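Hi,

Here is the structure I promised to pass on. Have a look first, and my notes follow below.

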Amino acid sequence: MFSTCTRQVSTQLSSQLRRLQSTLIIAEHNNEALSPITQNALTAAKKLGGEVTVLVAGTKCGPAAEAVAKCNGLARVLVAESDAFNGFTAESITPLVLATQKQFNFTHIVAGASAFGKALLPRVAAKLDVSPVSDVIDIKSPDTFVRSVYAGNAIQTLTAKDAIKVISIRGTSFEADKLEGGSTATEKVEGSYSTDLTTFVSQELSKSDRPELSGAKVVISGGRGMKSGDNFKLLYDLADKMGAAVGASRAAVDAGFVANDLQVGQTGKIVAPDLYIAVGISGAIQHLAGMKDSKTIVAINKDAEAPIFQVSDYGLVADLFKAVPELTGKL
Amino acid sequence: MARVLVGVKRVIDYAVKIRVKPDKKGVVTDGVKHSMNPFDEIAVEEAVRMKEKKIASEIIAVSCGPAQSQEVIRTALAMGVDKGIHVEIPAAEYETLQPIHVSKILAKIAEKEKIDLIIVGKQAIDDDSNQTAQMTAAVLDWPQATFASHIEKGDKELTVKREVDGGMETIKCKIPAVISADLRLNEPRYATLPNIMKAKKKPIAKMTPKDLGVDISPRIEIVSVEDPPVRQPGVILPDVDALVGKLKEGGHI
């Protein structure tokens, strides 16, 4: 009897707390389109409960704001368009986030754990004197989060004691919000946020017609076994047949075979596609950290003892220079 | 010439296969090989190269942690750092020490030592937080150059190439600044035996967070640390045809 009573009280209390909760998502975009990781962040924010506000900052926010406003159930979409946000520097966006926080008193501030989110959120958190939680893979309750440590070899559950929770979420751990069923009006945010601490100079982005690595359904990665950058053509041919993205191990990047933004692993991109094909990759701890949540893993390696075979669903002990073209030919 | 502060962390060696403690409160660290966080080696190397190019005048290495943290300070000294500061944190409190605490400590030391440039690794390979540089920069109100793969120092500014998701970007930031080192910034040198011997004579100052006026009370409570889900063992296929068959079965092609 007594315990039922306590339970009722605690349920009431937690639902009240939930109502008081509010989350700010910092949208990521490139002035032309919304980054897909923001859709994952929206799902994470809905899991937190409470109302959700999205902040879009940039030199040109129209396309991203329009896209995100279609998300179902948002409280508001704030748009801060200014030349000050050129290059999306953390130094310019932090004061904007702080001003927004001051106005609305959010309980949670969320962004995707991309290069953008990783650079920005800790700066915001330090200004608020709270300890941020990085790369969250699950949300147990509004203050209890799950994240991986030691290159994914341990899973830590922690309770954040600070009043404001600043969290970056791992995109591959939350479904993408479909951006349907909503039509939130956008509101302009005024204010001057220019800073002379940092100036964005230029960007050299790798161009590719293949799908983006972090969001691809199929990823084909090459390692040291590829022997040269030219040989990556074998993987590009296979990728084109399968509509796949191409990734690489650190060894392949360090050897100069491919650009470093293709690196999959603890310090590169974390991917979790339906199918991951590792070609000429031994499977070091640091590489596995970036891909072991893939649904199906295929390994092609001539070394039967390679650690990659311990995590692969299907292994082929073969010379990649024969097996990959043969596979491409048979698809 | 700039005075440079580098942050170095003692972590379980990157090649060690870690084990979760039976009580699920952490991972086993006793008797396990530790070394300097690989990203911090890169940070130290960059600072030493700055000194060799006469950009840096003095380099100070700081480590926060229990007594053993002095080992990584010695390593930094052997690589060419001038002096060390060990901010001693008792083992029990070290469990909940977080980047927010470390960044406040680094900021205090930077002010005390009149530092122009702080270089730390982009992340520690144990907690994988990737926060300390950003938070230190925020505490000091300095610019941050995160995930740096190339640094060029001008008179009053740095030009830094950063590794970002789609490729690279270049920024300029004012000095004083905080830099976080990415993997491709440089290749750290090995400490030679004579330099290891010389490093023993270099000074390491000891202090506590309290001396610096930094509160290290826990901001988190660790609920549990567990093993990740284990993947079911897979099969070795005889040939490419069998692989094609499996891919069809799985609906991938």
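How many aromatic pairs does a search of the whole structure find over all chains? The search finds five; rings of Phe, Tyr and Trp (its six-membered ring) pair if their centres lie within 6.5 Å, with planes under 30 degrees apart counted as stacked, over 60 as edge-to-face and the rest as tilted.

Before the details, some housekeeping. This is a predicted model, where local features need pLDDT of at least 70 and side-chain atom pairs count only at pLDDT 80 or more, while totals for chains, interfaces and linings use all residues. Residues are numbered from 1 along each chain as its sequence is written, chains are lettered from A and ligands numbered from 1 in the order in which they are written, and side-chain values use heavy atoms, leaving out hydrogens and water.

Back to the rings. One of the pairs is Phe88(A) with Phe116(A), edge-to-face at 6.2 Å centre to centre and 85 degrees between the planes. This pair links distant parts of chain A, 28 residues apart: Phe88(A) is in the loop between β3 (76-81) and α4 (90-104), and Phe116(A) is in helix α5 (residues 115-127). Helices (H or I, at least four residues) and strands (E, at least two) are DSSP runs, numbered from the N terminus. Both Phe88(A) and Phe116(A) are buried (buried means under 20% relative accessible area, exposed over 50%, partly exposed in between, with a 1.4 Å probe and protein chains only).

Phe232(A) and Tyr236(A) make a tilted pair, 6.3 Å centre to centre with 50 degrees between the planes. They both lie in helix α6 (residues 232-242) of chain A, four residues apart, about one turn of the helix. Phe232(A) counts as buried because its relative accessibility is 0%, whereas Tyr236(A), at 23%, counts as partly exposed. Ring pairs join these two and Phe257(A) into a cluster.

Now the charges. There are 35 salt bridges over all chains, each being a side-chain nitrogen of Lys or Arg within 4 Å of a carboxyl oxygen of Asp or Glu. Among them, Arg219(B) bridges to Asp129(A), with the closest N and O atoms 3.0 Å apart. That pair crosses between chains. Arg219(B) is buried at 12% relative accessibility, while Asp129(A) is partly exposed at 35%.

Within chain B, Lys9(B) and Asp126(B) meet in a salt bridge (3.0 Å, N to O). They lie in separate loops, so the pair ties together parts that are 117 residues apart in sequence.

Cheers
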